[in-house]
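Reader: Hi, I have a structure to go through. Can we take it step by step?

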Number of protein chains: 2
Amino acid sequence: MTGVVTIIDGKEVAASVIEAVKASAEGYTAKTGGKVGLAVVIVGNDPASHAYVGAKGRMAKECGFNSIQHTLPEDTSQQDLLALVNTLNADPSIHGILVQLPLPKHFNSEEIIQSILPEKDVDGLHVVNAGKLATGDLASGLISCTPAGAMLLVRKIHGKDLSGLNALVIGRSNLFGKPMGQLLLNANATVTMAHSRSRDLPGLCRTADILVAAVGRAEMVKADWVKDGATVIDVGINRVPAPEKGEGKTKLVGDVDFAACKDKAAAITPVPGGVGPMTIAMLMANTVIAAHRTAGLEVPVF
Amino acid sequence: MTGVVTIIDGKEVAASVIEAVKASAEGYTAKTGGKVGLAVVIVGNDPASHAYVGAKGRMAKECGFNSIQHTLPEDTSQQDLLALVNTLNADPSIHGILVQLPLPKHFNSEEIIQSILPEKDVDGLHVVNAGKLATGDLASGLISCTPAGAMLLVRKIHGKDLSGLNALVIGRSNLFGKPMGQLLLNANATVTMAHSRSRDLPGLCRTADILVAAVGRAEMVKADWVKDGATVIDVGINRVPAPEKGEGKTKLVGDVDFAACKDKAAAITPVPGGVGPMTIAMLMANTVIAAHRTAGLEVPVF
C-alpha cells in the first residue's frame with residue numbers, strides 16, 4: 001500500500017456515539033418526563049467484572065440515564081437471580097437489563113440470559129434478538145454491542161452499502177463472529193465466515209476487502225495475509241509478556257500484527273483504542289433505543 | 001472432471017427419510033399410545049397451494065400421523081386465523097402446525113407465523129427457531145425444511161464434518177440461503193454468502209468445494225463457474241419454455257446449467273428430483289421430532 005493508512009480511532013467514534021446518546025436521552029426526558037433506565041446486575045466478587053460494571057454505570061450516568069446496579073453475593077441462587085430479572089422485566093422505569101458475565105459456576109447462565117425480556121436485552125444475547133438479526137430485522141431487535149460497534153467503524157470507512165466488497169470474518173462465536181457476519185451480509189457485503197477448521201486461512205484473508213479478526217490469538221494475522229488497501233478490524237484483546245517494559249510486565253495486543261499490517265491496509269483499528277471502546281458506547285445506544293421503542297417515540301439511529 | 005459424477009437422487013434420500021419417520025412415528029405410538037399430529041392450515045383457493053397442502057396431508061398419513069387440514073375461506077380475518085393458530089397451539093394432540101404460504105394479501109403473514117408456538121413451528125420460520133439455528137442450537141430448535149433437506153444431501157457426499165471445505169451459497173433469503181449458510185458453518189465448512197450484490201460471482205463459485213445455488217434464475221450457474229470435483233446443490237425451480245416438447249410447452253430447470261455442470265462436478269443434484277423431494281420429507285421429520293420432544297422421549301436424528 002503506497003497511500004497513507006487510516007488508523008481508525010475507536011475512542012473518537014465511541015465519544016461521538018456517546019454524545020448522540022446524551023442528546024437522545026435528553027430528548028427522551030423532554031418528551032416523557034422520565035429518564036432512560038439501565039439496570040446492571042453483578043453476582044460475586046470477580047475484580048475484572050466489577051471494573052467493567054463500574055465503567056458501565058459511570059458511562060450510563062454520564063449519558064443522563066437512571067443507572068441502577070444490583071450487586072448480589074457469590075452464593076446467590078439461580079431462583080433468586082431469576083426473580084430479580086423478573087422484577088426488572090416488570091419495572092417500567094428500566095429499559096435495559098444487563099447481567100454481567102461470566103456468572104459464578106453454579107448458575108445456568110443461559111437460562112438467566114433468556115429470562116430477560118428481549119426488548120430489554122441491551123446485550124443482544126436473547127435468542128429472539130439473535131433470530132431478528134439472523135433474519136435481517138434490525139428495526140425491532142437489539143444487536144450485540146461489540147459487533148454493532150465494529151460495524152459502525154466499518155461504516156466510517158465504507159459507508160452503509162458494502163455492495164461489491166468481500167468481507168471475511170475469522171472466528172464464529174455467537175457473541176461476535178456470527179452476528180458480525182450477519183451485519184456485514186445485511187449491508188450487502190459478500191461474507192465469508194472462517195475459523196479454526198478453515199483451510200488456507202492466509203489465502204482466504206487475502207481475498208478480503210474488509211478483514212475482521214476475532215479469534216483471541218495474539219497477532220495471528222500477518223502482513224502477507226492482508227490484501228493491499230484492505231480495511232482491517234481487530235476485535236482481539238490479548239495480554240502478552242512485554243519484557244521491553246520491564247521484567248514481568250505485560251501489554252495488550254490484538255489478533256492482528258498491527259505494526260506490520262498497517263503498511264498493507266488502507267484502514268486499520270489499533271488495540272487498544274479500536275473496537276474496544278465501541279462496546280460500551282453501543283450498550284448505551286441500545287439502552288436509549290430500547291427506551292424510545294417502549295415509549296413509542298421515533299427511534300434514534302447510530 | 002475425469003471421474004464419474006454422482007447424480008444425487010433426492011427422491012431416494014427423501015424416501016429413506018420417510019421410512020425412518022414412519023418407524024419413529026410407530027415408536028412414538030408404542031410409547032405414548034397417541035399419534036403424531038400435524039395440522040395444516042390453508043386459506044383461500046390458490047390451486048398450487050392446495051396441491052402442496054394435499055401432498056403434505058397424504059405424506060403425513062403415509063407416515064402414520066394424525067393429519068388434520070383446516071381449509072378457511074379467502075375472506076377469513078386475521079383475528080380468526082390467529083384464533084385458529086391459538087387453538088392448535090393449545091391442542092396437545094397437535095405437534096406440528098403449518099400455515100401454507102402465501103396467505104391472501106389482506107393478511108399480516110409475519111404476525112400469523114410468529115403466533116405459532118416455536119416448538120410446533122415445523123416449517124422452522126419462527127424467530128426463536130431462526131435464533132436457535134443462528135446460534136448453533138440444533139438440539140432444541142426446528143430447522144427450516146428445505147435447507148435441512150439440502151444439508152442432508154451434502155452429508156450423503158461429505159459426511160457430517162465439513163472441516164477444510166469451502167462452501168458457497170448463492171442467495172441470502174431468510175427461507176433458504178441464510179439458514180443453509182448457518183447449517184454449513186455449524187458443520188465446520190468455511191462458508192461464503194454470495195448474492196446479487198456480489199462482485200465476480202463466477203470467480204467466487206470457482207473457490208467452492210460445495211456450491212449451493214438458490215437464486216431463482218434459470219441455469220445461471222455455468223460449467224466454468226464450477227470447481228473441478230465440486231459438489232453442486234441446486235435449489236432453484238424455474239419454469240421455462242420448452243419448444244422442443246411442442247408449442248407452448250414448458251419444463252422445470254434449476255439455477256444450475258445441469259447438462260454442462262455435471263461434467264465438472266463430482267456430485268450434483270438434478271432438477272426436478274434433487275432438493276425438491278427433500279422439503280416435504282424434512283417437514284415430516286420435524287413433526288416427529290417435535291412430538292418426541294414434547295413427550296420427553298429420545299429424539300430421532302435424521
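Predicted model: local features only at pLDDT ≥ 70, side-chain atom pairs only at ≥ 80, totals over all residues.

Reader: Where is Gly171(A)?

Author: In a loop of chain A, between β5 (166–170) and α7 (177–186).

Reader: Is Gly171(A) buried or exposed?

Author: Buried, because its relative accessibility is 7% and the cut-off for buried is under 20%.

Reader: What does Gly171(A) touch, beyond four places away in sequence?

Author: Gly177(A), Met193(A), Ala194(A), His195(A), Ala214(A) and Val215(A).

Reader: And where is Ser173(A)?

Author: Also in the loop between β5 and α7 of chain A. Ser173(A) is partly exposed, at 32% relative accessible area. Leaving aside neighbours within four places in sequence, it contacts Lys178(A) and Pro179(A).

Reader: New topic. How is chain A divided?

Author: Into domain 1 (32–118 + 282–302) and domain 2 (144–271). The contact takes four residues from domain 1 of chain A and five from domain 2 of chain A.

Reader: How far apart are the C-alpha centres of the two domains?

Author: They lie 29 Å apart.

Reader: How much area do the domains bury between them?

Author: About 400 Å², with 73% of it on carbon and sulfur atoms. On the domain 1 side, Met282(A), Asn286(A) and Phe302(A) supply 82% of the area buried against domain 2.

How values were computed:
Residues numbered from 1 in each chain as written. Chains lettered and ligands numbered in written order. Heavy atoms only, no water. Helix = DSSP H or I, 4+ residues; strand = E, 2+ residues; numbered from the N terminus. Buried < 20%, exposed > 50% of the residue type's maximum accessible area, 1.4 Å probe, protein only. Contact = heavy atoms within 4.5 Å. Domains from an automatic or database assignment. Buried area = accessible area lost by both parts, 1.4 Å probe.
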